[in-house]
Amino acid sequence: MEKLNQNKKQKILKKTIKWSKEVGKYQKEKINSNISIKSKDTEIDLVTEIDEKSEEIITNHIKEEFPEHSILAEEKNSKETDSEFKWIIDPIDGTINYAHKFPIYCISIALKHREKVKIGAIHVPTFNETYTAIRGQGAYMNGNPIKVSNCKNLNKAILATGFPYDRKISAEDNVDNFRKMIKKIGGIRRIGTAAYELTQVARGVFDGYWEMKMNPWDIAAGTLIVKEAGGQVTNLKGEEIEDEPFVIAGNKNINEKIIEELK
């Protein structure tokens, strides 16, 4: 049984940061080029050749360094093994932003061990910001500690959210939730990348966040970073989650108040 001691965690995190910065540099170089764009399950769920190449770079590194590990990747490089370790990768969270040359997008990489996310890294190429966490050791931006906000009142809170790709055809479109919340809060932001929005909760820029129909690669690293920054990440029942589809994040007070409003 492979162990994950403190020294190994630190070494893996360093590699993860290195890989995310490598693909971040590649993405910055390519953002103004003539990018090939395709639709996936819906016409607004996009994938670019840059997503696919970025994912290939990251997964190739993992396969070389940790050939026995499982991989869950957004595009096409997943691999299932009997290992207790699983990498969860979003090569570009915010593909629509990237495809339209809106500069907020990020690379999200997490490592699960025995069904718990133990290491997370999110790199934001445009701002050269790297958010990291090791379970039980706090959250950091570029090596500096970060904490969630201490906002207690929903009417002063700045929240973030998003809307699912199938919102044109599904009744579960987050619109009713948005309508409930918009009149109760200080302000709302919609950036278009869950991973980035979670880093801003962890950093205390946003006081809270909610979204539905999330995939593991959207939130695996971000949820760990929020928790390690002193925040809560739960479902609508208030139960702590790792990567469930409905995610609510924030400091303890705001997290609980979002749940009250959305129930």
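Analyst: Strands here are DSSP runs of E with at least two residues, numbered from the N terminus, and two strands count as paired if DSSP finds at least two bridges between them. Keep in mind that this is a predicted model, where local features need pLDDT of at least 70, side-chain atom pairs count only at pLDDT 80 or more, and totals for chains, interfaces and linings use all residues. Residues are numbered from 1 along each chain as its sequence is written, and side-chain values use heavy atoms, leaving out hydrogens and water.

User: Which residue in β14 does Q232 stand opposite?

Analyst: Look across to β14, and the residue opposite Q232 is G250.

User: What is the bridge partner of Y209 in β14?

Analyst: Strand β12 (residues 208-211) also pairs with β14, in the antiparallel sense over 4 bridges. Within β14, Y209 has as its bridge partner A249.

User: Are the residues of β14 buried or exposed?

Analyst: V247 and A249 point one way from β14 (residues 247-250), while I248 and G250 point the other way. Buried means under 20% relative accessible area, exposed over 50%, and partly exposed in between (1.4 Å probe, protein chains only). On that scale, all of these β14 residues are buried.

User: What is the relative accessible area of R114?

Analyst: R114 is in the loop between β5 (106-113) and β6 (116-124). Its phi is near 55 degrees, a positive value in a residue other than glycine. Most residues other than glycine have a negative phi. R114 is partly exposed, and its relative accessible area is 45%.

User: Where does N142 lie?

Analyst: N142 isn't a glycine, yet it has a positive phi of about 50 degrees. It is partly exposed, with a relative accessible area of 41%. As for its place, N142 lies in the loop between β8 (139-141) and β9 (144-145).
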